[in-house]
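Hi everyone, thanks for coming. Let me put today's structure up on the screen, and we can walk through it together.

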Amino acid sequence: MADDVVLSLVVIGLVFLATIVSGLLAVYSFGRIDHPLSESYGVLMAVDSFWAAGYFLMLVAGGTLFAEVGLFIKALSSALAAFAWLRFVSEYTGDSEWLPGWLWWVGAIESVVWSILVVSNPGGLMLAGVDVGQFGVVTAAIEVAGLGAFLQLLIGAALVGLSLFLLGRFFVQTQGIYRYQALIIFVIGAIVLVSTTLFIGDYRPHPLVDPTPLLFNLQALGVGWALYRYDFLRVAPVIVTRFFREMGDPVLLINGERVVADFNAAADDLVDGLRTQVSIDALADTAFSETLTAAVADPDAPGEFTTASAATGSQRTYDIEVTEATDQFDITRGYVVVLRDITDRKQRERQLEEQNDRLEEFADVVSHDLRNPLSTAEGWTAAVGDALDGEEPDIETAQMGLEHIAHSHDRMDELIEVLLTMARQGQTVADPEPVSIEDCATDAWVTADTGEMELAVEGDRTVAADPARLRQAFENLFRNANDHGAASTVTVTLTPDGFAVEDDGAGIDPDDHEELFEFGYSTDEDGTGIGLAVVKRIIEAHGWQIRVDERDDGGTCFEITGVST
C-alpha cells in the first residue's frame, strides 16, 4: 500500500510537471525563439502539454466527468502527436517540401474523429473499457485498448516509422556534429514508439499507469535540449571538421556577433595579439582589425592585408576571403575568414603594370622623337623638289637637302634601334648565368662610342646576370660619360654588394639626380633621354638597384647594389 502511495505521488507529480513545462516551452518557442523549427517544435510541445493534461485528469478524477474530458483530450492529443512529430522531423531533415500540405489537415480531422469515437466507443470497438481503481492517494481511470486502438496504433506507427526513416537517412547523409543530434532525436522517437506499442499490448509498469505521455514529453524535452541547449548550431563545431584543421592558410572563425571564436596556428603566427572572445573591431592589430571588419561587413568586396612575415621579415600580401558559415537551415551562424598569400600574384601584377608603362613610353617616343626627324625629312624633301623644279635647278640646295634627309633617316634608324633595345630590356631576367664584371665591361667598351676616353677596371667579380643585357647597360653608361660628362677616364670598381661605374668628367647637376633615369629626360637637346632609362630597366630586371652620386674629386659615379653572385 505504501509503495502505491509513493508511486502515485511520483506519477501525478511528473504528469503535472510535464503539463506545465511543455506548455511553457510551447509558449516560449512560439514567442521567443527565432528558428525555422520553432513553430513545429512549439506545436509538438503544445500537443504534449494537452496529452499530459488529459492524462492528469484521468489520474486524479477517475469515475467522474473530468475523467471523460481527460479521456477525450488524451485521445485527441495522442493522435495529433504522431502528425506533429512527423511534421517536426520532416522540417528538421529538410523533407517537408515533398510532404503535401493537406496531410496535416487530414491529421487534424482524423484526430478529432478518433477522439470522438473513443469517448462514444460505439460497440466497444475503440476501447475494451475504462478501468477505474484506487491508485495510491487518488482514484484513477485508464483506458483498455480495443480493436480500433490497434488501428490507430498502426496509423501512428506508420507516421513515426516514416519519421524514423527520414532521421536515419539524414544521419547517413549528413556529417560531423549534426549526426549526433539526429541520432539523439532518432533514439528518443524509437523509445516512444516502443512504449506506445507496449501500452496498447497491455504491458504496463502498473495497471493504472500509462507511461507514454511521460515518455513523449521526455522526447520533446530531449529534442529541445538538442536544438537549443546543446548548441549544435554554433559556428565552431559546424566548420572545424570541414575547414579548420585541413587548411594551411591562416584561418579565423567569427561567430554571429562578429567575435573571434577560434583561429589556427597560421593565423596566430600572422596576426599579432590575436585572441578569442574579442570583437573583430577591437583586435590589437589595428590595421588588420579595420580590414577584417570591412571584409566581414561586405564579404563580396575584395579585401587585402599586408604585413611583415614573421619568418623572413619581408612584406607579404594576403587576400581576405570571407565565407558565411550556415547551418542546415541556411541560417548564418558566423564566418570563415581565410587569408591567402598573394604576394607573388601582386608582384606579377606590378610587373604587368610596368610593362604597360613601358609600352606607353614606347608609344610616346614613336609619336614624339620619331616625328621630329620625320617632319624634317618631309620638309627637306619638299625643298629638294622645289630646288629641282624649274628651268635652272638649284643643285647645291638639292644636295644640301638630300644630306639633311639622309641625316634624318640615320637619326630615325638610331631611334628605332634604341626603342627596340628598350622594349627587349623590359623583360625580367629569368635564367641568369655567371658573368665576369671585368670581361663584360671590357667587351662593352669595344662596341660603345667612347671617343678618346680610357677604361680602367679595378678588380673582378662573377655575378649572376644576363651577359648581353649587362653589356648593354655598360655600353649606355660609357656612352653617357662620353656624350654628357666630358670625361677622359671611366673606371669600373667593385663595392661590398655590387659594382660602380665612375668617370672624371664634369659631373651631373644634383638637381637632375631624381629625374636622370626617367624615360625621355635628357640634359642635351639632341639626346633621346632613353640611354640611362634603359640602364635602370636592365639593372632592375636583374633585381638590383642603381643610384647616381658625385665623386669627391669631381665626376659622376653610378653605383649598382644588391648584386647576387
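To begin, how many helices and how many strands does the protein have? There are 16 helices and 14 strands. Please keep in mind that this is a predicted model.

Now for the overall picture. The protein has 565 residues, and 44% of them count as buried. Its accessible surface comes to about 28,700 Å², with 55% of that belonging to carbon and sulfur atoms. If you take the contacts between residues at least 6 apart in sequence, 62% join residues at least 24 apart.

Let's turn to one pair of helices. Find α3, residues 65–93, and α4, residues 102–120. Their axes lie 8 Å apart, and the angle between the helices is about 160°. Angles over 145 degrees count as roughly antiparallel, so that is how α3 and α4 run relative to each other. The crossing of α3 past α4 is right-handed.

Which residues meet there? On the α3 side they include L71, F72, L76, F83 and R87. On the α4 side, look for L103, W104, W114 and I116, among others. Sorted by type, the residues of this contact are 16 nonpolar, five polar and three charged.

Last stop: α16, residues 531–541. Is this helix mostly covered or mostly uncovered? Mostly covered, with eight of its eleven residues buried.

After α16 comes G543, which has a positive phi, near 85°.

How values were computed:
Residues are numbered from 1 along each chain as its sequence is written. This is a predicted model: local features need pLDDT of at least 70, side-chain atom pairs count only at pLDDT 80 or more; totals for chains, interfaces and linings use all residues. Side-chain values use heavy atoms; hydrogens and water are left out. Axes are lines fitted to C-alpha atoms, for helices over the stretch in contact, and angles run from 0 to 180 degrees between N-to-C directions. Helices (H or I, at least four residues) and strands (E, at least two) are DSSP runs, numbered from the N terminus. Angles under 35 degrees count as roughly parallel, over 145 as roughly antiparallel, 65 to 115 as roughly perpendicular and the rest as oblique. A crossing is left-handed if the near helix is turned anticlockwise from the far one by less than a right angle, and right-handed if clockwise. Contact means heavy atoms within 4.5 Å. Ala, Val, Leu, Ile, Met, Phe, Trp, Tyr, Cys and Pro count as nonpolar, Asp, Glu, Lys and Arg as charged, and the others, Gly among them, as polar. Buried means under 20% relative accessible area, exposed over 50%, partly exposed in between (1.4 Å probe, protein chains only). Accessible areas come from the Shrake-Rupley method with a 1.4 Å probe; for residues, only the protein chains shown count as cover.
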